[in-house]
Amino acid sequence: MKIAVASGKGGTGKTTIAVGLALAASDEVTVLDCDVEAPNCHIFLKPQIICSKEVNIPVPVLEESLCDGCGECGDVCEYRAIAIISGKPMIFSELCHGCGACTYICPRYALKESPRNIGIIEKGNSLGIGFVHGILNIGEPISPPLIKAVRKEEGKGLTIVDCPPGTSCPVVTAVAGSDYVILVTEPTPFGLNDLKLAVEMLDEMYIPYGVVINKAGTGDLSVKEFCSNANINVLSEIPDNRRAAVAYSRGLPTSEIVPEFRGCFEEILHRVMEKKLNAK
């Protein structure tokens, strides 16, 4: 089963939940940290890295002697990575997604593909937990190709995906193909606003989801009221706890300092598994 842990905004405790679920799982589990711009699951799991590999995307390179300036490559590029200037293509490789449409459509075969490195993947294990994360190169503007590469490293048992925050392309790429998404939010107006955006995204993708309210006991009741009115299942309410904040600041899983949190994570897993079985 593939469970993605996402949030409409940063700072809700998404990584805390993802790591807690992995440690609470009784079966074989793999953690995929797809927040490739700022991966931090490794801070808490402290995995032994076994191997790493570069991730490249194919970008077009122009052979000027073959180009007649027809402009078809620029017309077909959805990402505006090619501009026709003075009758010749100008290629912005940082905007290229490596789809290959331009090289396919070029009638004179003037575009060839060349690999461009965008980051690395590191694989390892921690306490029997499989671990994979991606590290995007500094200054690299496009992360979805690296996220896709991380998602291909799914394990045979339970896979837990720690997603980037927000609702943009990186998040869509990270949650795609998941069996269930856990949306982590906080009981504040900001948390509610971004939860609504995440719910809209998953409704469009037809992926089942539930909500975990982190830092419960603070803020207001607007998130609970929204979930109740929208018939969204609240999987758990994890109380605000100073000891959990101390654990986080020290790079420790919260369940090590707050043992009762382990029961919360086990209950979340049980409820998600139960919903998956009932859906069959």
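Biologist: How many of the eight residues of helix α5 are buried?

Modeller: In this predicted model, helix α5 covers residues 144–151 and is mostly covered. Among its buried residues are Pro 144, Leu 146, Val 150 and Arg 151. The number of buried residues in α5, out of eight, is seven.

Biologist: What share of the 280 residues of the protein counts as buried?

Modeller: The protein comprises 11 helices and 11 strands. Its C-alpha atoms fill a box of roughly 70 × 45 × 40 Å along the principal axes. Of its 280 residues, the share that counts as buried is 51%.

Biologist: Which strands are the edge strands of the open sheet?

Modeller: The open sheet has nine strands with mixed pairing, in the order β3-β6-β7-β2-β8-β1-β9-β10-β11. An edge strand pairs on one side only, and this holds for residues 48–62 and 234–239. From one strand to the next, the twist averages 20 degrees. The edge strands are therefore β3 and β11.

Biologist: Within that sheet, which residue of β8 is the bridge partner of Ile 3?

Modeller: Strand β1 (residues 2–6) pairs with strand β8 (residues 158–162) in the parallel sense, over four bridges. The partner of Ile 3 in β8 is Ile 160.

Biologist: What angle does the direction of helix α1 make with that of β8?

Modeller: Helix α1 (residues 14–24) packs on the sheet, where the strands it touches include β1, β2, β7 and β8. Its direction and that of β8 make an angle of about 165 degrees.

Biologist: Is Met 90 buried, partly exposed or exposed?

Modeller: Met 90 belongs to strand β5, which runs antiparallel to strand β4 and is joined to it by four bridges. Together with Ile 85, Phe 92 and Leu 95, Met 90 makes a nonpolar surface patch of about 320 Å². Buried means under 20% relative accessible area and exposed means over 50%. Because its relative accessibility is 40%, Met 90 counts as partly exposed.

Biologist: Which residue in the turn between β4 and β5 has a positive phi?

Modeller: β4 and β5 form a hairpin with two residues between them. The turn residue with a positive phi, about 55 degrees, is Ser 86.

Biologist: Which residue forms a salt bridge with Lys 9?

Modeller: Side chains of opposite charge can pair when their charged atoms come close. For Lys 9, the closest N and O atoms of the pair are 3.1 Å apart. Lys 9 lies in the loop between β1 and α1, and its partner lies 177 residues away, in the loop between β9 and α7. That partner, buried at 10% relative accessibility, is Glu 186.

Biologist: Why does the salt bridge of Lys 123 and Glu 153 tie together separate parts of the sequence, and how many residues apart are they?

Modeller: The two side chains meet at 3.0 Å, N to O. Lys 123 is partly exposed, with a relative accessible area of 29%, whereas Glu 153 is buried at 17%. Because Lys 123 lies in strand β6 and Glu 153 in the loop between α5 and β8, the pair joins parts whose separation in sequence is 30 residues.

Terms used. Residues numbered from 1 in each chain as written. Predicted model: local features only at pLDDT ≥ 70, side-chain atom pairs only at ≥ 80, totals over all residues. Heavy atoms only, no water. Patch = residues over 30% accessible without salt bridge, like charges linked within 9 Å, V, L, I, M, F, W, Y side chains within 5 Å. Areas by Shrake-Rupley, 256 points an atom, 1.4 Å probe, with all protein chains shown as cover. Salt bridge = Lys/Arg side-chain N within 4 Å of Asp/Glu carboxyl O. Buried < 20%, exposed > 50% of the residue type's maximum accessible area, 1.4 Å probe, protein only. Axes fitted to C-alpha atoms, helices over the stretch in contact; angles between N-to-C directions. Contact = heavy atoms within 4.5 Å.
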